[in-house]
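The sequence and the structure come first.

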Amino acid sequence: MGACGSGGGSKASESSSPTVDAPATSGTPATSGTPATSGTPATGGASVTPSGGPIYLGPAGYGAVKLGMKRADAEATGLITVKSEPQGEIGCGTFDFKEFPQKGPNSGGNFSPQLGVASIFAVGDMRTPEGITTGSAAAEVEKAYPELKKGPNASFVAVPGNPEAVYTFLIENGRVRQLVLDLATQTCHN
């Protein structure tokens with residue numbers, strides 16, 4: 001996932017990225033509604049808030065890292081490490097969450113000069129507020145998100161509580177293989 005697409009369409013840059021044609025919306029990403037603002041490892045490796053509750057992937061981001069947040073602001077949270085730089089003005093860079101470093105070309109998310117944090121990939125024990133995580137059954141996804149739009153390569157749904165975002169699901173053999181919280185207007189991957 002080293003580069004973004006250009007223009008209004010999405011372009012795939014890695015075979016590990018989901019391929020989906022998500023509906024685009026306009027506006028400013030929502031910045032409220034996330035149940036927590038910081039991550040601290042808990043016993044067993046789960047991320048929790050200081051009050052002991054889980055930190056969810058969505059509706060606005062993961063902990064203090066929010067969709068649409070400028071790269072410098074995301075780095076200032078102390079939660080991420082930049083993994084690759086954008087290739088030119090229309091390219092996307094990648095980052096990892098320090099708590100969940102990824103190997104090889106995989107990453108914890110994408111950022112672009114125009115949109116800031118554009119995508120956050122579910123890593124570690126990240127889950128949506130509705131309880132969906134990597135490994136969830138397809139039937140659980142459909143129950144949690146009745147408006148799910150199934151695509152030929154990935155499925156997506158508007159994020160409850162954030163009309164500027166979508167959840168993208170790559171489902172293989174009846175299970176979620178990849179879960180991504182995306183700005184609906186992102187061009188970093190399909």
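Among contacts in the chain between residues at least 6 apart in sequence, what percentage join residues at least 24 apart? The figure is 54%. The model is a predicted one. Its chain has 190 residues, of which 46% count as buried, and it contains 2 helices and 12 strands.

**Fold and sheet**

- Along the sequence, the elements follow the pattern β-β-β-β-α-β-β-β-β-α-β-β-β-β.
- An open sheet is built from 8 strands in the order β5-β6-β7-β8-β12-β11-β10-β9, and the pairing is antiparallel.
- The edge positions are taken by β5 (80–84) and β9 (149–150); each has a single partner strand, so one side of each has no neighbour in the sheet.
- Within the sheet order, β12 stands between β8 and β11.
- The pairing of β11 with β12 is antiparallel and runs over 8 bridges.
- Opposite Tyr167 stands Leu181, a residue of β12.

**Nonpolar core**

- As a general point, nonpolar side chains in soluble globular proteins tend to be buried together.
- The largest nonpolar core here has 30 residues, and Phe97, Ile120 and Phe169 touch the most other members.
- At least two residues of this core come from each of β6 (93–97), β8 (116–121), β10 (155–159), β11 (162–172) and β12 (175–183).
- The biggest contribution is that of β12, which gives 4 residues.
- Which residues does Ile120 contact, leaving aside its neighbours within four places in sequence? They are Leu57, Gly61, Tyr62, Val65, Leu67, Phe95, Phe97, Gly108, Gly109, Leu179, Val180 and Leu181.

**Aromatic pairs**

- A pair of aromatic rings is described by two values, the distance of the centres and the angle of the planes.
- The count of aromatic pairs comes to 5.
- One of them joins Phe95 and Phe97 in an edge-to-face arrangement, with 5.6 Å centre to centre and 75° between the planes.
- Phe95 is buried at 0% relative accessibility, and Phe97 is buried at 2%.
- The rings of Tyr145 and Phe169 have centres 5.7 Å apart and planes at 40°, so this pair is classed as tilted.
- This second pair links distant parts of the chain, 24 residues apart: Tyr145 is in the loop between α2 (138–144) and β9, while Phe169 is in strand β11.
- Both Tyr145 and Phe169 are buried.
- Ring pairs also link Tyr62, Phe95 and Phe97 into a cluster.

**Disulfide**

- How many disulfides does a search of the whole structure find? The search gives 1.
- The disulfide is formed by Cys92 and Cys188, with the sulfur atoms 2.1 Å apart.
- The angle about the S-S bond is -75°, and the link is left-handed.
- Cys92 lies in the loop between β5 and β6, and Cys188 in the segment after β12, so the pair ties together parts that are 96 residues apart in sequence.
- Cys92 is buried, at 0% relative accessibility.
- Cys188 is buried as well, at 1% relative accessibility.

- Ser112 is located in strand β7 (residues 109–112).
- Is Ser112 buried or exposed? Ser112 is buried, because its relative accessible area is 6% and the cut-off for buried is under 20%.
- A polar atom of the Ser112 side chain is 3.0 Å from the backbone nitrogen of Leu115.
- Ile55 sits in the loop between β2 (47–48) and β3 (61–62).
- Although in a loop, Ile55 counts as buried, with 3% relative accessibility.
- Ile55 and Asp125 are 70 residues apart along the chain, and their C-alpha atoms are separated by 9.4 Å.

Note on methods:
Residues numbered from 1 in each chain as written. Predicted model: local features only at pLDDT ≥ 70, side-chain atom pairs only at ≥ 80, totals over all residues. Heavy atoms only, no water. Core = buried A, V, L, I, M, F, W, Y, C linked by side-chain atoms within 4.5 Å. Buried < 20%, exposed > 50% of the residue type's maximum accessible area, 1.4 Å probe, protein only. Contact = heavy atoms within 4.5 Å. Polar contact = N/O pair within 3.5 Å; in protein donor to acceptor, adjacent residues only side chain to side chain. Pairing = 2+ DSSP bridges. Disulfide = S-S within 2.5 Å. Phe/Tyr/Trp six-rings, centres within 6.5 Å; stacked < 30°, edge-to-face > 60°.
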